[in-house]
Amino acid sequence: EPPSAVPQGVAQEGTPEVEVSPALSLMSRPGDGSIAARRVAVLVADGAEGESLDALVSTLLAAGAVPRLVGSRLGAVTLTTGERQVDTTIEAMPSVLWDAVVIPDGADAIKALSADGRALEFVKDQYRHCKPMLVLGAASALLENARISRVLVTGKLDPGVIVTEAGADVATVFIEALAKHRYFDRETDPPLV
């Protein structure tokens with residue numbers, strides 16, 4: 001006798017239901033509000049603004065996060081404050097390996113990143129995976145080029161996409177966003193981006 005067609009996910013008669021385990025849910029274990037060990041990709045290219053970037057990286061390190069400079073290629077990038085070595089590349093450590101992204105100010109850097117399809121996909125994936133994003137100054141153009149909206153489908157601003165100018169309170173706002181880990185309100189099926 002042929003097996004009956006039962007839609008996937010529907011329990012058959014006599015089959016026990018799967019129990020929900022709070023221990024396996026990100027939603028039921030939100031953490032302690034710390035950002036310790038959170039990996040933050042700092043997407044850089046030649047021309048990125050260095051002064052505010054250095055201050056932000058120092059603050060994130062002091063809070064226990066692990067910020068790393070991510071570029072299109074290994075080697076040095078020329079920030080407005082001088083050369084810095086890139087820690088890794090977009091290809092070697094794709095978006096899924098990071099907890100958040102920071103996109104520094106700098107028109108030349110944003111122009112270079114916007115011309116790199118891998119950088120655009122990196123940013124899109126951060127958005128699709130509901131991760132916090134800090135976008136400083138001219139970097140908002142990269143969001144536009146990636147077709148990422150700051151407005152959720154509900155019409156409210158996405159609290160996980162922080163677009164602002166560099167300043168003293170930027171690190172505090174970003175640390176609060178990073179402590180929340182994910183922003184599932186932006187998740188749609190199919191993805192908008």
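The structure is a predicted model, in which local features need pLDDT of at least 70 and side-chain atom pairs count only at pLDDT 80 or more, while totals for chains, interfaces and linings use all residues. Residues are numbered from 1 along each chain as its sequence is written, and side-chain values use heavy atoms, with hydrogens and water left out.

**Overall architecture**

- The chain contains 5 helices and 8 strands; helices (H or I, at least four residues) and strands (E, at least two) are DSSP runs, numbered from the N terminus.
- Read from the N terminus, the elements follow the order β-α-β-β-β-β-β-α-α-β-α-β-α.
- Of the chain's 193 residues, 40% count as buried; buried means under 20% relative accessible area, exposed over 50%, and partly exposed in between (1.4 Å probe, protein chains only).
- Among contacts in the chain with a separation of 6 or more, 74% are between residues 24 or more positions apart; a contact means heavy atoms within 4.5 Å.

**The sheet**

- Six strands form an open sheet in the order β5-β2-β1-β6-β7-β8, with parallel pairing; two strands pair if DSSP finds at least two bridges between them.
- The edges are held by β5 (88-89) and β8, each with a single partner strand, so one side of each has no neighbour in the sheet.
- Strands β1 and β6 run parallel and are joined by 3 bridges.
- Valine 42 stands opposite valine 102, which belongs to β6.
- Helix α1 lies across β1, β2 (66-71), β6 and β7, and runs at about 140° to β2; axes are lines fitted to C-alpha atoms, for helices over the stretch in contact, and angles run from 0 to 180 degrees between N-to-C directions.

- In soluble globular proteins, nonpolar side chains tend to be buried together.
- The largest nonpolar core here has 53 residues, and Leu43 and Phe174 have the most contacts inside it; such a core is a set of buried Ala, Val, Leu, Ile, Met, Phe, Trp, Tyr and Cys residues joined through side-chain atoms within 4.5 Å.
- Helix α5 (residues 170-179) supplies the largest share of this core, 7 residues.
- Leucine 43 touches, among others, Val70, Ile90, Val101, Leu113, Phe122 and Leu142, when residues up to four places away in sequence are not counted.
- Helix α5 is mostly covered, with 7 of its 10 residues buried.
- The buried residues of α5 are Val170, Ala171, Phe174, Ile175, Ala177, Leu178 and Ala179.
- These buried residues pack against β1 (39-43), α1 (50-62), β6 (100-103), β7 (133-136) and β8 (161-164).
- After α5 comes histidine 181, whose phi is positive, near 75°.

**Arginine 38**

- Arginine 38 is found in the segment before β1.
- Arginine 38 is buried but has no salt bridge, and the nearest side chain of opposite charge, aspartate 99, is 4.9 Å away; Lys and Arg count as positive and Asp and Glu as negative, while His and the chain ends are not counted.
- Arginine 38 touches Ala65, Val66, Asp99, Leu178, Ala179 and His181, not counting residues up to four places away in sequence.

**Salt bridges**

- The whole structure holds 7 salt bridges; a salt bridge is a side-chain nitrogen of Lys or Arg within 4 Å of a carboxyl oxygen of Asp or Glu.
- Aspartate 54 forms a salt bridge with arginine 84, with the closest N and O atoms 2.4 Å apart.
- That pair links distant parts of the chain, since aspartate 54 is in helix α1 and arginine 84 is in strand β4 (residues 82-85), 30 residues apart.
- Aspartate 54 counts as partly exposed at 29% relative accessibility, and arginine 84 is partly exposed with a relative accessible area of 29%.
- Lysine 124 and glutamate 121 form a salt bridge (3.7 Å, N to O); both lie in helix α3 (residues 117-128), 3 residues apart, about one turn of the helix.
- Lysine 124 is buried, with a relative accessible area of 18%, whereas glutamate 121 is partly exposed at 34%.
- Arginine 128 also meets glutamate 121 in a salt bridge (3.3 Å, N to O), and arginine 128 is partly exposed at 27% relative accessibility.
- Salt bridges with shared partners join Glu121, Lys124, Asp125 and Arg128 into one network.
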